[in-house]
Amino acid sequence: MTITKKALPRRTFLRGLGTAVALPFLDAMVPALAAATTSKPPVRMAFVYVPNGIIMDGWNPDYEGALGELPRILKPLEPYRQDITLFGNLTHNTGRALLDGAGDHGRCCASYLTGVQPRKTVIDIKAGVSFDQIVANQVGKQTRFPSLELGMEDARQAGDCDSGYSCAYTNNLAWHSETQPLPPVLDPRALFERLFGNGMALTPAARARENLYRRSILDFVSDDTRKLETGLGPTDRRKLDEYLSSIREIERQIERAEKDNAQIDPHMDKPYGVPADFAEHFKLMSDMMTVAFQSDLTRVITFLVTHEGTSRPYREIDIPDGHHPLTHHRNQPDLIEKVTQINSYHVRQFAAWIAKMRTIREGDGSLLDNCMIVYGAGLSDGNRHLHEDLPTLIAGRGGSHFKTGRRIVYRKETPMCNLYLAMMDRMGVHVEHFGDSTGRLDALDLT
Amino acid sequence: MQFPGTAKPPVGIVFDSAMRRIDDALALAMLHGFEGKDQARIAAVCVSNADLQAAQFCDAVGRFYASATTGPAAMFMHFMPIGLADGKAAAESPMLSAPLAKKSADGKPVYATAVKSVNDTADGATLIRNVLMAQYDQNAAVVLSGPATDLARLLDMYGVKEWIARKVRLLCVADSGIQADAAAARKVFAEWPTPIVTAGREIGEALPFPGDSIDKDFAWSAERHPVVDAYRAYQPMPYDAPSWAMAAMLYAVHPDGGYFKLSGSGNRRELILDPEQKERIIRTYIEMASAKPVARKPRRPPDDKDKKEEQKKEEQKKEAAK
């Protein structure tokens, strides 16, 4: 690496043996006289998808406009309400039966980002290119990874997962082509190595060697780090230190998770390195998403928290019942209460991520300001399998584009794909139609 | 959006009206009557001008007919939103305001509606597009009684003309009122991809709905029927009401019922009254408009076999085209 008086290139890496660590957005990357005009941090987008719908009484505030007190499920986001936008009445018509009968879980997940009705089949699957991939195909050329697809629940990719719908529909969010879904990475260690291991999977022998010495990946790039630090100002040095510390912290968490796994249940049918605890797993994945955005490794992430139709129990919060059966609550208060607790638990993990994203300074604001992080589900009422008024919020300002801290209610049946068109605009990708869009979602902007 | 049954369900009707004349309200009651007797399904109800009260009235009528459904079927009952066109708000109409303002002894509205603001309605064109996607091929009909604003916008939507051609067998237009948006009317008559049949002025006037039916045939409702209240508020009683929208509705549901003759040939035709059918038509108006609400059966998905056969035919067509 060579440091000159010119601005530091945005794509600078700290390199070491088999390792390349990307850098966060530093002031040194902005040419001194052109800081305000030429180099704005990039806009990134992510989708955090939760399955089986939401108890909407606990999600929708009873007001529009400026966000005040938030309903129970969204309560964990209340301290950050100025950073979020809540949407009402967005609909995915292509998730509905439309003559295809049962299978709302398969349809709602497959249509969520593709905006098309998936073919009802377990063999010759067909949906559409998801909009995150349309964005990734254009902006992904500027980053090491066009997109990242993450998840937290091991799930098969074949067979019948919902009334004749292939598991490929319920278990993937991103679709590279109409027949090729992109399965999510579940294992934090695999993700870590993918992000920081120079793009090459380590061989078992190499991994064993690393494990033997238990060296931090940062040790491999220490020479480059020292060289870089000498050319940076105090603010950038602090940013770099915080950033490298966060990578080290992720390493420690992974090590801890692996250790804990061995202690808790050595017979667990999970990939090595996946924490047994849901919250810990979520935190690991979100920490890596943070670093991936911070270091501009990618600008597009989809995160399928658990797969659509999942019957995962939540013993972490004393709910041993399966999630999906609970959502068919038949209006029984005790079952509704349990689903509400699961919904709240998910939002709590998400809120912790948002809290972290807010603290990372970037450009004139925070990393979160330059993101559009959608949190939502493909069903609203999981009991009745409704595809309208989908629970949807965006955290972040999309690069200071969005006026946040509001609840915007659109007219009923407003296509979710209209939101996607608006988001694509902010990502610099201009498309006239997507899925069943009827136009761009209005009323989002600052003006 | 489809009724139970393994065979193709009855025709799905999109009713798009200004809901400014009493024949619009009677046609809506007729449509509910047809649905109760499994002769048609309500695919969508839209108001073709920017009249929130009209949307509230349509919603209240829907809920009035749904009130017969109780138990598990009610729990899973799903109300489609009412479509509402954009534009300048319409002046208040007593036909709408009277039933909506009617209160019971405890001060509560007699006819409940969930429509409080424009956001409780759907854009008419989007709603129609969405519901058409849920219809079997050639198993939907559109009834227009009022400006063609929604339908003209529908035609401008990306890829929708193909959906209309595939799903809709007929557009039936009540001529009276369509000129309120002349540009939209011209566009629809020029570009609509299915046959259009018009119920002209003379048809509606020659087939008046008898005012005495309100006291006689709706007596079962004991003065708790939104369309009866609308009828009483529309004009001083007693009066007979021209039936433009009702004629269009009847033909859309039963084009082969022998109720009307058609003028000319081709894709743009007009209804002609057969004097021998006059009494039968008016009898059908009364029977359907005054039908009691019927409890809905829990809906279950249609038989996949039909859909697969349709898909197979579609693929064969594509292959042949190649």
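How much area do chain B and chain A bury between them? The answer is about 2,400 Å², and 55% of that area lies on carbon and sulfur atoms. Keep in mind as you look around that this is a predicted model.

**Where chain B meets chain A**

- On the chain B side, 30 residues are in contact, and they touch 28 residues of chain A.
- The rule picks out 2 salt bridges across this interface.
- One salt bridge joins the side chains of A:R411 and B:D86, with 3.0 Å from N to O.
- You'll also find 12 residue pairs in polar contact between chain B and chain A, counting pairs with both residues at pLDDT 80 or more.
- Three elements of chain B each supply at least two residues to the side that touches chain A: β4 (122–123), α5 (124–132) and α14 (304–321).
- Of these, α5(B) gives the largest share, with 4 residues.
- Sort the side of chain B that touches chain A by class and you get 16 nonpolar, 7 polar and 7 charged residues.

**A helix pair inside chain A**

- Now look at helix α5 (residues 188–196) and helix α10 (residues 278–294), both in chain A: their axes come within 10 Å and cross at roughly 10°.
- Angles under 35 degrees count as roughly parallel, so α5(A) and α10(A) are roughly parallel to each other.
- From α5(A), the residues making the contact are A:P188, A:L191, A:F192, A:L195 and A:F196.
- Their partners in α10(A) are A:H281, A:L284, A:M285, A:M288, A:V291 and A:A292.
- By class, this contact of α5(A) with α10(A) has 10 nonpolar residues, 1 polar residue and no charged ones.

- In chain B, the peptide bond running from B:M237 to B:P238 is cis, and its omega is near -5°.
- To track down B:P238, go to the loop between α11 (226–234) and α12 (244–253) of chain B.
- Over in chain A, A:H385 has a positive phi of about 60°, although this residue is not a glycine.
- You'll spot A:H385 in the loop between β16 (371–376) and β17 (392–395) of chain A.

Key. Residues are numbered from 1 along each chain as its sequence is written. Chains are lettered from A and ligands numbered from 1 in the order in which they are written. This is a predicted model: local features need pLDDT of at least 70, side-chain atom pairs count only at pLDDT 80 or more; totals for chains, interfaces and linings use all residues. Side-chain values use heavy atoms; hydrogens and water are left out. Contact means heavy atoms within 4.5 Å. Buried area is the accessible area (1.4 Å probe) that two parts lose on being put together, summed over both. A salt bridge is a side-chain nitrogen of Lys or Arg within 4 Å of a carboxyl oxygen of Asp or Glu. A polar contact is a pair of N or O atoms within 3.5 Å; within protein, one must be able to donate a hydrogen and the other to accept it, and residues adjacent in sequence count only if both atoms are side-chain atoms. Ala, Val, Leu, Ile, Met, Phe, Trp, Tyr, Cys and Pro count as nonpolar, Asp, Glu, Lys and Arg as charged, and the others, Gly among them, as polar. Axes are lines fitted to C-alpha atoms, for helices over the stretch in contact, and angles run from 0 to 180 degrees between N-to-C directions. Angles under 35 degrees count as roughly parallel, over 145 as roughly antiparallel, 65 to 115 as roughly perpendicular and the rest as oblique.
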